[in-house]
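Subject: Structure handover

Hello,

Here is the structure I promised to pass on to you. Please have it open while you read, and my notes on it follow below.

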Amino acid sequence: MTRVTVPVAYMPLVDAAPLIVAQEMGFADAEGIALDLIAAPSWSSVRDMLAFGRVDAAHMLSPVPIAMAMGLGGVATALSALSVLSVNGNVIGVGKPLEEKLRANGFEFDFADPVKAARALAEVRDRPIIFGVPFPFSMHVELLRYWSAATDLGPDGIVIRTVPPPLMANALAAGDVDAFCVGEPWGSVAVEQGSGALLLPGASIWSFAPEKVLAVRTAWAETEPDLTGRLMRAVWRAGRWLADPNARLAAATLLSRKSYLNVSSELIDRALSGDLVVSSRGEQRSVDGFLLFHEGAANFPWRSQAKWIGQHLADHHRPGDTPSIDAIAKVYRTDLYRMHMEGTGCDLPGASEKVEGAILHATAVASAAGSLTLLPNRFFDARVFDFPVK
């Protein structure tokens with residue numbers, strides 16, 4: 001097998017772990033490839049590096065390939081989401097001024113109830129709350145908009161401002177933003193620096209939200225099918241390794257290196273375990289399924305998830321315009337996933353779509369090996385999204 005180097009862009013986040021682990025733990029080597037991992041300063045840099053050929057693959061925000069297919073953001077290169085790298089993993093937090101107002105009003109940081117948290121914020125605000133997010137087309141934005149529109153915050157109760165993840169704690173401390181939604185470890189960094197407190201996990205809004213995807217240029221996937229398959233299998237095996245609780249210590253130590261996230265392994269372990277410190281007072285909260293890399297067919301690029309994202313992007317950015325959601329959803333490449341993952345031991349779902357919001361308990365479903373159990377995908381307001389299959 002000829003060894004090939006694949007340049008890959010990523011942001012320094014815990015959910016970049018499958019790519020880092022694939023390279024460092026030998027999963028890439030077993031597929032005859034080496035991943036040249038290139039840290040980027042911002043999500044726009046990751047997008048542009050991939051779109052313009054600086055790299056061949058990327059750790060990518062799940063809405064970005066969909067937004068690009070819709071003509072949003074000014075970059076038109078066709079991208080394909082080969083697989084989902086991670087599910088959940090975001091935190092919503094507030095800066096010190098809001099934290100103090102909430103505490104003075106009797107709010108307890110229980111890290112659990114989106115409705116109660118929104119009501120508490122609405123009671124203490126004197127203007128729309130400025131939320132820092134990593135990128136305009138991101139699950140962070142979609143979760144915030146969905147949450148605010150369905151609660152006392154209201155659709156006009158928040159303002160979105162873009163801040164790169166590693167700069168989020170500094171922006172909060174400087175008062176540039178009032179609150180944030182960001183991936184770990186950067187929410188925990190804000191807590192450790194004393195600039196904020198964690199209010200909610202993203203999973204409390206949508207319990208199975210696709211957060212990052214493995215993205216490539218569509219043309220590259222078509223002209224390099226062998227490399228595409230090798231890359232997908234290496235990353236999938238890394239995600240499976242990360243799902244083993246016995247791997248947590250090694251994973252946290254690896255990710256903490258200066259060449260990757262450059263933060264303490266203890267902060268990284270909080271995200272991997274779901275045991276988070278939510279304030280400078282040392283309050284601790286545990287979240288089941290806080291960040292998933294493998295369980296419940298987490299890596300499968302469900303087209304129903306792509307449709308949910310596409311519909312919400314259209315509602316906000318193209319009101320009155322009805323794009324072809326079915327065509328847009330095809331950037332989530334279930335076809336390539338089925339082709340390249342066959343024979344790996346990956347149990348493939350029998351369908352490529354599901355009803356988002358309808359799975360309330362762990363549920364066995366039809367699959368290639370007959371042993372696949374899907375995890376709950378509920379929304380906090382109990383809505384169900386059933387997109388017609390076409």
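A word on burial before the details: buried means under 20% relative accessible area, exposed means over 50%, and partly exposed lies in between, with a 1.4 Å probe and protein chains only. This is a predicted model, in which local features need pLDDT of at least 70 and side-chain atom pairs count only at pLDDT 80 or more, while totals for chains, interfaces and linings use all residues. Residues are numbered from 1 along each chain as its sequence is written, and side-chain values use heavy atoms, with hydrogens and water left out.

Let me start with R333. At 12% relative accessibility, R333 counts as buried. R333 sits in the loop between α15 (325-328) and α16; helices (H or I, at least four residues) and strands (E, at least two) are DSSP runs, numbered from the N terminus. Leaving aside neighbours within four places in sequence, R333 is in contact (heavy atoms within 4.5 Å) with S80, A81, L82, T218, P301 and R303.

Next, the sheet. Six strands form an open, mixed sheet in the order β2-β1-β3-β10-β4-β13. β2 (33-39) and β13 (291-292) stand at the edges with a single partner strand each, so one side of each has no neighbour in the sheet. Two strands pair if DSSP finds at least two bridges between them. β1 (residues 4-10) runs parallel to β2, with seven bridges, and Y10 has A39 of β2 as its bridge partner.

With β13, β4 forms an antiparallel pair over two bridges, where V87 has L292 as its bridge partner.

Searching the whole structure gives two cavities of 30 Å³ or more. On a 1 Å grid over the protein atoms alone, a cavity is a set of points where a 1.4 Å probe fits but cannot get out, and lining residues have an atom within 4 Å of a point. Grid points are joined across faces, edges and corners, and a volume is the space filled by probe spheres set on the points.

The largest cavity has a volume of about 50 Å³. β4 (79-88), α11 (225-242) and α16 (334-341) each supply at least two residues of its lining, which includes S83, W236 and Y337. The second largest cavity, at about 30 Å³, has a lining that includes N88, M139 and E211.

Finally, I129 lies in strand β6 (residues 129-133) and is buried at 2% relative accessibility. Not counting residues up to four places away in sequence, I129 touches L98, L121, L153, G157, I158, V159, D178 and A179.

Best wishes

Terms used: 1 Å grid on protein atoms, 1.4 Å probe; cavity = no way out; pocket = protein on both sides within 12 Å on 5 of 7 lines; lining within 4 Å.
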